[in-house]
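Work through the exercises below with the sequence and the model at hand. Each task is followed by a solution in steps.

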Amino acid sequence: MRRVLEWTTGHLQKHGSDTPRLDAEILLAHARNCRRIQLYTAYDEPLSDAVRAQMKDLVKRRAAREPVAYLVGHREFFSLDFRVTPDVLIPRPDTETLVMEAVTIAKPQGASAVLDLCTGSGCVAVAIAKNVPTSTVTAVDISPAALTIAAENAAKHGVSDRVAFFEGDLFAPLGASQRFDVIVSNPPYVRTDELAGLEADVRMYEPRLALHGGADGLDLVRSIIAAAPDWLNPGGWLMLEIDPQQFAAVDELGAGTGEFVEMAKSKDLAGRWRVWRGRAT
């Protein structure tokens with residue numbers, strides 16, 4: 001097993017992986033159906049022919065830049081394990097900031113009503129529901145395939161009774177009388193001219209629908225900011241994950257509505273501005 005790990009690490013490094021050793025360990029643990037930590041207690045054990053064959057296939061696909069999360073079918077986010085497929089964007093540490101901000105606002109309020117737009121894998125909706133047990137979460141996505149994955153993740157983490165999923169374009173599938181204390185979204189925000197320069201893992205495999213935000217990256221952001229005040233309770237918050245370079249434009253959009261009495265921003269775990277938030281009148 002040691003030799004397989006070492007060879008795989010070198011091979012993946014040559015093929016562009018930023019984390020070749022980590023990738024090798026995750027793939028081998030998946031092939032052996034064990035936890036990563038267990039690799040080290042069996043470091044010198046031989047691998048079965050079946051494990052070798054599966055590992056060979058996984059390494060070949062990873063060398064072609066297929067994301068590890070799609071190869072193994074899951075990804076950790078906010079200390080929870082989420083199922084992922086090529087139908088959904090892979091959850092990223094950057095987005096944990098969005099969850100932290102929402103939990104900080106919703107938890108003290110008690111029975112908070114939360115709306116998650118562009119829910120994808122459901123990682124944000126489920127993480128909020130899990131960390132604010134008194135909350136109810138409504139999650140919307142335009143992709144039925146993504147909603148299937150999101151519903152599975154809600155069931156896996158025992159929050160299906162408090163997370164409702166709706167298929168449609170942003171606010172369209174909601175009932176006219178629904179109002180929320182917090183609206184969150186990690187919408188597509190990649191500019192058209194940035195798409196070709198994305199990492200191969202992202203560009204070739206992750207859903208374009210979840211990435212492309214139009215010419216300036218703000219097509220959906222613009223729509224969300226314009227409509228959100230009508231769906232927020234008084235004093236409710238809108239929170240958006242956006243690109244660090246988009247904050248000035250988004251501040252202008254928020255101010256232009258005349259509906260937000262307070263606007264602020266938060267940094268992600270890497271120290272980059274990542275979450276914009278506005279409080280409704």
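**Exercise 1: an aspartate in a helix**

D23 lies in helix α2 (residues 20-32); helices are DSSP runs of H or I of at least four residues, strands runs of E of at least two, both numbered from the N terminus. The model is predicted: local features need pLDDT of at least 70 and side-chain atom pairs 80 or more, while totals for chains, interfaces and linings use all residues. Residues are numbered from 1 along each chain as its sequence is written, and side-chain values use heavy atoms, without hydrogens and water.

Task: Determine whether D23 is buried or exposed, and which side chain it joins in a polar contact of 2.7 Å.

Solution.
1. The relative accessibility of D23 is 4%, so D23 is buried (under 20% relative accessible area; exposed is over 50%, partly exposed in between; 1.4 Å probe, protein chains only).
2. The partner is the side chain of S17. A polar contact is a pair of N or O atoms within 3.5 Å, one able to donate a hydrogen and the other to accept it within protein; residues adjacent in sequence count only if both atoms are side-chain atoms.
3. Leaving out residues up to four places away in sequence, D23 touches L12, S17, R62 and V68 (heavy atoms within 4.5 Å).

**Exercise 2: a serine in a loop**

Task: Where is S121 found, and what does it touch?

Solution.
1. S121 sits in the loop between β3 (113-117) and α6 (123-131).
2. Its relative accessible area is 3%, so S121 is buried.
3. Beyond four places in sequence, the residues touched by S121 include F82, R83, I149 and N153.
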